[in-house]
Amino acid sequence: MTTMQKLLQLPVNAVNIVKTVQSQVQGQEEDKSPVLTPDSGQHSWYNALQPDELRHLRSGGTGGGGGGDQEERAPLEEGGGGGSSGGTFQTQPLRHDDLKEMLDSNKDSLKLEAMKRIVAMIARGKNASDLFPAVVKNVACKNIEVKKLVYVYLVRYAEEQQDLALLSISTFQRGLKDPNQLIRASALRVLSSIRVTIIVPIMMLAIKEAASDMSPYVRKTAAHAIPKLYSLDPEQKDQLIEVIEKLLADKTTLVAGSVVMAFEEVCPERIDLIHKNYRKLCNLLIDVEEWGQVVIINMLTRYARTQFLNPNINESLLEEGGGGEKTFYGSDEDEDEDEEEKEKKAEVAAMAKRKPYVMDPDHRLLLRNTKPLLQSRNAAVVMAVAQLYFHLAPKAEVGVIAKALVRLLRSHSEVQYVVLQNVATMTIKRRGMFEPYLKSFYIRSTDPTQIKVLKLEVLTNLANETNISTILREFQTYIRSMDKDFVAATIQAIGRCATNIGEVRDTCLNGLVQLLSNRDELVVAESVVVIKKLLQMQPEKHSDIIKHMAKLTDNIQVPMARASILWLIGEYCEHVPKIAPDVLRKMAKSFTNEEDIVKLQIINLAAKLYLTNSKQTKLLTQYVLNLAKYDQNYDIRDRARFIRQLIVPTEKSGALSKYAKKLFLALKPAPVLESPFKDRDHFQLGSLSHLLNAKAGGYQELPDWPEAAPDPSVRNVEVPEWTKCSSREKRKEKKVEKPFYSDSEGESGPTESADSESDSASGSESGSGSEESGSGSESEESEEGSESEEEEEEEEEEKDKKKKKKELKKPVPETESEQSSEEEDRKIERKSKQRKSDSESESDEDEESESESSQSESEDSESEVEVKKKKKTAETKPPSKPVKKETKKEKKEMSLLDLDDFEPAPSPQVTPVNTFLSNSLVTDLEGLSLSDSVLSPATIAPSSALKNYELLHRITGEGLSVEYCFSRQPFSPDANMVAVQMQFTNSATSDTKNLHMEDVKLQSGMRVKEFPEIELLSAGETATAVMGIDFCDSTQAANFQLCTHTRKFFVSIQPPVGELMRPIFLTENEFKKEQGQLMGMNEITEKLTLDAKCRNEHAIVQRVTAAANLSRVPCGSDKECRFAGRTVTSSSLVLVTVATKEEGAAQLTVNCEKMVIGTMLVKDILLALTQ
Amino acid sequence: MIHSLFLINHSGDIFLEKHWKSVISRSVCDYFFEVKEKAVDPENVPPVLQTPHHYLISIYRGKLFFLSVVQTEVPPLFVIEFLHRVADTFQDYFGECSEGVIKDNLVTVYELLEEMLDNGFPLATESNVLKEMIRPPNILRSVVNTLTGGSNVGDTLPTGQLSNVPWRRAGVKYTNNEAYFDIIEEIDAILDKSGTTVFAEIQGVVEACVRLTGMPDLTLSFMNPRLLDDVSFHPCVRFKRWESERVLSFIPPDGNFTLMTYHVSSQNLVAIPVYVKQSINFFETGSCGRLEITIGPKQNMGKTVEGLMVTIHMPKVVLSANLTATQGNYTYDLTTKVLVWDIGKLNPQKLPNLRGSLSMQAGAPKPEENPSLNIDLKIQQLAISGLKVSRLDMYGEKYKPFKGVKYLTKAGKFQVRT
């Protein structure tokens, strides 16, 4: 046996070479069952086997392949000791036995070799099921390579060997509990792939458990397992839907794609499950892996169709109203039916409501977030976005997809095929979109025919009055192609162009007529058919062409063409009354020499002429019929006999002859020349059903737009309870987004800290030590992952915009202020609750509540960030939440490009226990820090609601990044200076030393108080410093150099005008008095319309105080808000009054003796209030 | 989603099958074979076929058909794109994607397929994640495996799947850190008989070969990014950064990859580097024809045109060609009727010329269309659109990498109608 073992280790490749040579020869062997091989020698061998082994051999059905037995040949022949004396062809039973022995051995290498052979058999489609018992024993094998192959085998054959497969289940159940997330995932994956009904409950349990696993990867695997279980036992649907619902709420990109896929397979009709996750899915989309993107986009298309209004309703209204408004995309050129349809729709819409269409912000969100994916390298993603735009976007925006689709035409021919099919459908509805790319659809002689035909289709659809001449010139080239199928298609296409575009009909006809002399029958036949169709539309106008064709009979020899011409003349003989009989005369003369097909048409022509013009043609007809009577071809003889009976009245002729005229001269309907792609767009584009133009199994109809939009509030996401109670219910909308911001972290933050993503975050956090609260910054960080800061800001901005759009149709730039009022409320609320939350998180040890609390926490801190700006101004509140926020911001920025983010995944051995620990630790810390800040409100740097500006970007700073904000605190060393709080973060890998500033360049009069040198900023650490700048009441920038021990960076700080003042307290009377003195030149008044979100006093105060460092002056009237402050340097008074009137109208008055400051301030406040 | 996959060779043998759900008999392929018989050219087999119970979606790559079976609605491009990704992976692993190579590595291939799909839904398609789980074969390893009985299955777990940079392997180390970028532009053009441009555009691609230690963060910027019209990126590129600053900022995958593809905006006129004078005549009588082709330089920006090659698909009736070339060699394949004239470097002093007679089948009518010429060419150190890389910066790592950029212009689908 030892020799055999050695020999068995032959490299697979070597064996395969032998195999490939021989496998064909042996092909037939496959069908024979090894057991049936009539070889007595083998039977004796069987007896030596264990009975149970024998059983499995027999049950093996059609035995292992002929190819396979070659593999064993060499060893078998050599190792004669194995007992085989039979020839190659008789060794099959032996071989399996052999493999079994290898599998039973103690050596992993032997097992591995055996498994490799078995897997190779499976791959070739050979049956290896009889090895099941031997293989399944190894399921618990320590060797990971063997194990993997055993899994492969198991999944393949478990269905056939259900009982034995059960033996392996316990192994997987154990694996499900493994501390390593990858092992848990793989156990679940294999377990759920085993198609054995009996284990359904076990699978169900495993899936449920995995769905709440803390590793997102395991949750992803759970999502994958759902459709597997569903196909095994559809009864489980309800339970599975619960799991899907739960996983849909998951906030990691890893899970999103998989769970939507499960959703689509199990319960695509449960669109209601999507509501709450809609915004999250939109926002995560760009980070989901590409395959998941496709599935999500397709699903969201369907969702949007049920939830939003048709964005094109208004356009059709406009179109109806006046041609002037017609869209750029040339809808006026659309086919007539289209127009009608539109009109109908427009009417309906008009009746339904005249009120202007406003796009739901969620609708806009979807469109905006999918657009970048048009740049994906994955054709399927691009197509998915394209179809989404086609089905959902307002007409004017659909155009963006054309470029991307045209790009796909460079791809593999299969991709081209699918894309062209879809483009063909699109061009029917929206021709203008692809017109600029007309030339991209030009055909090359090397294109496969099916691609050529599709391109032709697109070109035809794109043809209009302006480009038809170019297209026809192009078609002329195609007609000479060697590919005759393609030529035929071209002729058809010319015919369609001619029908659709009146101007070129004659040109096309002439061109086609010329083609009648083509040598190729196919071409001629096709031309005649097309000419026939064209003529059928308006025969009167084209009698000259019919005449021309009649003349052609002299020259054209192609029988098909002659036959077609004769048919035409017969059909329209009344248009060519003089020529027709003459043609018949000529034909009668040559009748005997004609081809059969022509003869038949001659008879046909004769009959028709006889019926219409019997005087001239009676004799001719009889002559022809007589000739035909004696023709060699019985078809012709038959036809002649039949026609004679029908048309020539005799006493014997039956009732039919009365109707002869009707029979022959019935009006034949003009064939309709339309695109085969017409109306295909009722299928969702890009789908299999669309491609096949037939509903495929499992296809979900794309619903029509609803008449009225369903309640959009269903998409609002609930905020955890204790934060919710604080703020006004009506602002719910806003809150919705909030969870999202922090979201991806919120929930996953804690769990993920076991994984790579937030690792670095938490790391650096603890590094910076201090009272930093963990979850907030962490969440932000991991959310954005690799993206850059601008992005984040942009996103926020976008979100804001969106919100705004709800009320105001046009997009407006961001201000965060509107949120702040609410936020502030919440914040106050929060403070009072802080302790509570603290204790909460501490006490709750189980995972869920934990993540819950941390989520709310993070949300909370999120809101802080937003409020920052405002917060200071609300005088009542002492500056509390210090340092924390600052660092947070910093962190966030770092995350943009922080390389640490991309650090390798941590060792897989991270145990869940760790996660728990770290998680609760973070919460603890957070609680501590929060309570801390409340207790000591006098912390140096109050900052929470302040806006941060970037001083030095991480990249330019080579790892050092600096942010600053105007802390709005009095700068103690010099009251005439504005305090600027700076936050330094060292994200480089080495320490930074001697951080200080140098070489300050200032406008005259300005002064700077430098911040104290920071001696050491270790890698990953953050430090804060405060400097003072006397800006001399101007908004000139202060330029200086920031120096480290190695580098110098030029930076500059420029203050917004609102930061150049400090709040003062005035009474109402004082205010009035001061205001009285600052009239005339010193008073600036502006009328404005308040932003819809800031029409209450509270919001106005929020926004004004955010824009300028002023304090509120009490005021008797609730129609007025007053603010007062002094400029920092010159202590000039600054008085601001906002008087509100009806319907958001308001008047802003600024009184300040410094006119420049006044003017600038008016601008800033105006901006803050109107946006 | 994807139910099963069959690999079928040119002659119609199924040499590999893989099922991700329950087993589907390979007889389902019979529908495919039927269609394949009808379509003379394998390129003309429709990629999507409908059978009574299944849908067959196939691609044709490297003389092989990848035929997948699906049972329910699925975006066809999803499957097609995935199949191409499979083929790409094979190419990546084994250097080519051919029947022989797949048969030689049957087990590896099977394992790859197993990892790439789970229940028919793509699971791991990033090459570096796969390589972590299943090591690509190389000579050394196969020797070692032979001696130790080891296999190519990686003994690590696919940690890459957990990363948020799934395209980059962790712990990459090189002694020589280098990053090379090839800017390759292809001219797609159709010229008509008289030499006027019917249609021309430039498609470009930035191929990168990055061998850098650790987790470098690269920024590649162009002198004239406005040229780029329609771009598509490797997932590693930060899209927002491109939108706002027109620079490519990315953490590169390890090794070779396509960083971006682009299209040069159509406002720019496309320089056509060569002109072609040709006359191909078939005579009505005497069953013969004449052919004469001359190629000369046109707008080549002062660079040498190399690798010049003309391919002509002759009509079926052309039996043989008796030609003389002043430069290079020509071959005429009797079975495929393809005439290839390999010229090499274009010498502007002495223009290459090919002339001679074609003999045709006696009695056959003369072909109606003259065959069009497909031109191949290369111009080194030139991006015909004028695109230039301005700089490449690396952040996040300390060392100084060696950086290189290469430009190349090629003819893409460059066709001259006659």
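**View 1. The contact between chain B and chain A.** Chain B and chain A each bring 115 residues to the contact (heavy atoms within 4.5 Å). This is a predicted model, in which local features need pLDDT of at least 70 and side-chain atom pairs pLDDT 80 or more, while totals for chains, interfaces and linings use all residues. Side-chain values use heavy atoms, without hydrogens and water, residues are numbered from 1 along each chain as its sequence is written, and chains are lettered from A in the order in which they are written. Together the two chains bury about 10200 Å², with 57% of that on carbon and sulfur atoms; buried area is the accessible area (1.4 Å probe) that two parts lose on being put together, summed over both.

**View 2. A salt bridge between the chains.** Here the side chains of A:Lys403 and B:Asp229 meet, 2.9 Å from N to O. A salt bridge puts a side-chain nitrogen of Lys or Arg within 4 Å of a carboxyl oxygen of Asp or Glu. Chain B and chain A have 10 salt bridges between them.

**View 3. Helix H17(A) beside helix H2(B).** H17 of chain A covers residues 290-307, and H2 of chain B covers residues 76-94; helices are DSSP runs (H or I, at least four residues), numbered from the N terminus. Their axes lie 11 Å apart at an angle of about 175 degrees. Axes are lines fitted to C-alpha atoms over the stretch in contact, and angles run from 0 to 180 degrees between N-to-C directions. So H17(A) is roughly antiparallel to H2(B) (angles over 145 degrees). A:Trp291 of H17(A) and B:Phe82 of H2(B) are among the residues making this contact.

Conventions:
Helices (H or I, at least four residues) and strands (E, at least two) are DSSP runs, numbered from the N terminus. Angles under 35 degrees count as roughly parallel, over 145 as roughly antiparallel, 65 to 115 as roughly perpendicular and the rest as oblique.
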